[in-house]
Amino acid sequence: MKAMEKTYSPQSFEKRIYQKWLDEGNFKARVNPDKMPFTIVLPPPNITGRLHEGHALNHTMQDILIRYKRMKGFETLWLPGTDHASIATEVKILDQVLKEEGRTKDELTREEFLEKAWAWKDKYGGEIVEQMKRLGNSCDWDRERFTMDEVCSKAVIEVFVRLYEEGLIYKGNRLINWCPTCGTSLSDAEVDHEDVSGAFYDIAYPVAGSDEQLIISTTRPETMLADTAVAVHPEDPRYQHLIGQRVRLPLMDRLIPVVADDYVDRELGTGALKVTPAHDPNDYEIGQRHGLEVINIFTEDAKVNEAGGSYAGLDRYEARKQVVKDLKDQGYLIGQKDHLHAVGHCYRCHKVVEPRISDQWFVAMQELAKQAKQSVERGEMSFVPPRYVKIYNNWLDNIRDWNISRQLWWGHRIPAYYCDSCQSIAVAREMPDVCPDCGGEHFTQDPDVLDTWFSSALWPFSTLGWPDESPDLNYFYPTDVLVTGYDIIFFWVIRMMFSGLKFMQEAPFHTTLINGIVRDSIGRKISKSLNNGTDPIEVIDEYGADALRYMLISGTATGNDTRFSLERVESARNFANKLWNASRFVLSSLEAAPTELTGEEELTLADRWILSELNQAIRDISENLEKSELGMAADRALDFAWGTYCDWYIELSKKRLYAGDELVRRVLWTVLKDLLKLMHPFMPFITEEIWQAIPGADGNLIVAPWPKERAIDTTDLDAMEAIMSAIGRIRNLRAEMDLPVGRKGRLYVSGDKRLVEIMKQQAEAFQALASVSEVLDEPESVENASTILVDKVELTLPLDDLIDYAKEYQRLAKQKERLEGEIERAQAKLANEGFVSKAPAQLVEGERNKVIDYREQVVELTEKMALIEAKK
C-alpha cells in the first residue's frame, strides 16, 4: 500500500503507472477458451503524423471500451499499429531530401529512396506510438503491426494474387484521376471536391457546310484541343437537324461529329456539350458509347503535349489564357461570365487533379460492393449512430471500379512481373523463374505500388496472421468494434467490409462506432491555416492525460462533433483534484483494510442511500457503455463521484467518522473502491494511483472486476431525497440572505408524519450541511419566519435566529438605491425623443418593461425595510 501525495500532480505518476501496467503484462491478450474475446483493431495512424485532437478522441473512445470489457471479464485485445501512408510519407521524405540535399526524386534511385523511407519509418514511426502511450492506450504492444511489415505484406500479396486469379483485379487503359504534383493516380475517394471561382466560356463551333454555329459552354476551354465530338440530347428540338452532322473545332481546324446522348442536360448552358473523352469522366463514358477517338493533350505534369499543336509546352493554366485569347481574337468566343463550380483536388497536396487516360490496375467492385451492402442489410454489421448507414449505402450504390495502382516508390509493390522477352504478364507471390509463354527467364516487376488503402482494407485479419491459420485468427476474428471517423467510411470501412467478407466469409466487426470531428472552442474545424489546433501532448504535460481524456469524451453524443477547449480541460482537472482530495480524506481515516460489508449490518439511512445510489450508477454507466454512449457514461460517473459521493455522503459522514464509527469507514471504503472502478475507463491514471493507496485493494485496478450491484433495503430512501432537497432549499435561502455559515438557527418541520419523524431523526444532516441548530416539531405559530414546502413537509425557519436586522436593513437599502438609479437611467432614455423614435421598437419596449419591473422590486424592498424598522 502506497501513501497518497498531498497534492494531485499527474506529472509525478502517469508515466510510472503506465510502466507498471506494461511490466505486469496487463495489456496482453492470450487465446483463452474460458473467456469470451473482445477485439478492437486500432485505426493505424500514419507514420508521418503526430497525435492530434482527432486521434486523442478516437483513441480515448477505444480505450474506454477496452478497459470496460477487460474489467467485465473478457479476453481483450486492442491491436495497435501504424500505416505507411504511401503518398503522404513519400511527399514528406522528398521534401526533406530536397531541403537537406538539394536533390529531387528524379535524381534518386529507387533503392536510395527506399533506404531513406525505412530510416524515416524507424525514426518517426515510433514517435506517435510513444504519444499513444502518454494518452493511456492499453494496447497489446507485443502485437504491434505496420502495414508494410512482413506479416501484413504477405497478406497483401496473397489477396492481390487471389483476386487476379478470379478476374477481380485487372489492368486496363482507362480514365483515372491524376495528380500532376504527386505524379500518381488517385481513386475517386482520394479526390476532394472544392468550390473554385472560375468562368463559363461560350464558344462557337461552326457547322460544316453551312453558316450555322453550334454554341457550347465550358469551364475548361483548354481541353477543347482534345474534343472529339459535340453531344446534344436526342429529344432537344433545337438540335434535331444537326445530329449526325459535323462541326469544325476552332483553333484545331478538325471536323468532329454531333452525337445524340441522353446524358446531356438540355437546361444547362446551351444544351450542347463539348465531348473530351480523355479529360472528363462523363465525356469518357459518352465516348465509349459512341466509339469516339480519345486524344490526350496533357503530360503527366499537366503541360500540353504535342497533340495540342501550337500550345505544346504550356502549363494547363497558361494554355487556358492563350486559348481564350485566341478564341476571342478569331471571333469564336461569344461570351464569358463568372462561375463558382466544384473542382477535384488531391486529398494530400490539395492541387487540382486531372482526369487522364492511363494504364492502371483496378479492382472490379460490383460483386464485392453487393456483398458489403447485403451484410449490413442482414444485420451482421451496424453503425452507431444508425444514420451513417445512409452514407455507407450511398457509396456502395454509386461505386466504380477501384484504381489501386500508384506511381510511387513507397508502398507495396504490385506483384506483377513482365517477361523481358515477350512482355507477357505473370501475377505471382514471387518472381517466376520461367515465362510460361516463351520460356524466358528474365522478368521486370511492375514499378507501381498499391493504394495505401489496399493494405489497410485487410487490417482486421492480416494483423492476426492471415493467410496462415493460427489460434489468434480463429479466436480474435471477427473483431467487435471499429471506432472511426465518418470521413473515412468509404476509404476504409467499406473496403474492410468487402475484404473480410471475401477472404474470411465474415464481416470484420459487428459494430462501427463513429466519432465526430474535434472542433475548436467556437466550433470551427481545426486546420493549419486557422492555426487553431492544440498539441495533445502539451495538454497532457500541463494538465495530465486524465483531464484531456475526460474533456474529450464528456458532454458528447455519439457521432456528434465535439469542441476542444482548455477551459474544459481545466474543469476536468479540477474534478480530478476533487477526486484526489476526497480519496485522501477517506483514506486518512483508514489504518488498515476494513471488513467487507456482508449485508447484515445495521446501516443508517445515509448508508443505505449511498449504496443504493451506487447501484444505480453501476446500472446507468454499464448500460451506457454497452450502448456505446460513452459521453453519457462519463457524465454519469462524474455526477456520482462529485455530486453524490463527495458533496453529499462524505459531508454527511464526517461527524460519525470523527466519532470513530467503524461502520461509516467500511461504507466509505466500499463505495470508494467501486467508484474508482466506474471512473477507471475514463480516467485510468488517477484511479489506478489512488487504488494502489487503498488498504485491502489487491492487485492493479486495470484488471479488477467491474463492480456489481448489492442487495439494499430501500425502505424510506425517498425520505433521504426529501432531506437533501430540504437542505438545498435552506442553503439557497441563506445564500439569498447573505448569512454567514456560523449563524445557526432552529428548523421547525410539520406535515407528513413519516417524513417529519425521519427528518427529526436525521437532525445531524441538517446541522452539518444547512447550519441548523436543532430540528423541532413546529409550534402553533412562529412569528417572523420563512417557510419552505418540500415534498409534503413544511419547513419553517425563524428569522429572528438568523438575521442581524441592522445589517440586513443596510443591505436592502443599498439594493433599493441601486434599483432607483436604474429606474432613473431608463426613464431618461425614454424621455429622449431621439431614442424613442430611432431605436428598434423591441429595444424601447424593453426599457419600459425594465421600469415596471424595477418599481415592483422597489415596492417589495420598501415593505421588507418597513418590517425591519418595526423590529428595532
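Leaving aside its neighbours within four places in sequence, which residues is Tyr550 in contact with?

## Tyr550

Contact here means heavy atoms within 4.5 Å. With neighbours within four places in sequence left aside, Tyr550 is in contact with Ala572, Ala634, Asp635, Leu638, Met679, Phe682 and Met683. Tyr550 lies in helix α15, residues 545-553. Helices are DSSP runs of H or I with at least four residues, strands are DSSP runs of E with at least two, and they are numbered from the N terminus. Tyr550 is buried, with a relative accessible area of 4%. Buried means under 20% relative accessible area, exposed means over 50%, and partly exposed is in between (1.4 Å probe, protein chains only). From C-alpha to C-alpha, Tyr550 and Lys154 are 40 Å apart in space and 396 residues apart in sequence.

## Basis of the model

This is a predicted model, in which local features need pLDDT of at least 70 and side-chain atom pairs count only at pLDDT 80 or more, while totals for chains, interfaces and linings use all residues. Residues are numbered from 1 along each chain as its sequence is written, and side-chain values use heavy atoms, with hydrogens and water left out.

## Helix pairs

Two packed helices are described by the angle between their axes and the distance between the axes. Axes are lines fitted to C-alpha atoms, for helices over the stretch in contact, and angles run from 0 to 180 degrees between N-to-C directions. Helix α21 (residues 717-736) packs against helix α22 (residues 753-761) at an angle of about 65°, and their axes are 10 Å apart. That makes α21 roughly perpendicular to α22. Angles of 65 to 115 degrees count as roughly perpendicular, under 35 as roughly parallel, over 145 as roughly antiparallel and the rest as oblique. On the α21 side, Asp718, Ala719, Ala722, Ile723 and Ala726 meet Arg754, Leu755, Ile758 and Met759 of α22. The residues of this contact divide into seven nonpolar, no polar and two charged. Ala, Val, Leu, Ile, Met, Phe, Trp, Tyr, Cys and Pro count as nonpolar, Asp, Glu, Lys and Arg as charged, and the others, Gly among them, as polar.

Helix α1 (residues 14-23) and helix α20 (residues 684-691) have axes that come within 10 Å and cross at roughly 80°. The two helices α1 and α20 are therefore roughly perpendicular to each other. Glu14, Arg16, Ile17, Tyr18 and Trp21 in α1 meet Pro684, Phe685, Glu688 and Glu689 in α20. This contact of α1 with α20 has five nonpolar, no polar and four charged residues.

## A three-strand sheet

Three strands form an open sheet in the order β8-β7-β13, with antiparallel pairing. Two strands pair if DSSP finds at least two bridges between them. The edge strands, β8 (213-218) and β13 (333-346), each pair on one side only. On average, neighbouring strands of this sheet are turned by 20° against each other, direction ignored. Strand β7 (residues 191-206) pairs with β13 over 13 bridges, and Glu194 stands opposite Val343 in β13. Helix α7 (residues 316-329) packs on the sheet and touches β7 and β13; the direction of α7 makes about 165° with that of β13.

## Covered strands and a covered helix

All five residues of strand β1 (residues 37-41) are buried, so β1 is largely enclosed by the rest of the structure. Pro37, Thr39 and Val41 are on one side of β1, and Phe38 and Ile40 are on the other. Five bridges join β1 to strand β2 (residues 75-79) in a parallel run, with Phe38 opposite Thr76 in β2.

In strand β14 (residues 354-363), nine of the ten residues are buried. Strand β5 (residues 169-179) runs antiparallel to β14 and is joined to it by ten bridges; the bridge partner of Asn173 is Asp359 in β14. Two bridges join β14 to strand β16 (residues 402-403), also antiparallel. In helix α13 (residues 489-504), 15 of the 16 residues are buried, so α13 is largely enclosed by the rest of the structure.

## A hairpin

Strands β28 (residues 785-790) and β29 (residues 793-798) pair in the antiparallel sense over six bridges. Ser786 stands opposite Leu797 in β29. The hairpin has two residues between the strands, and Asp791 takes a positive phi near 50°.
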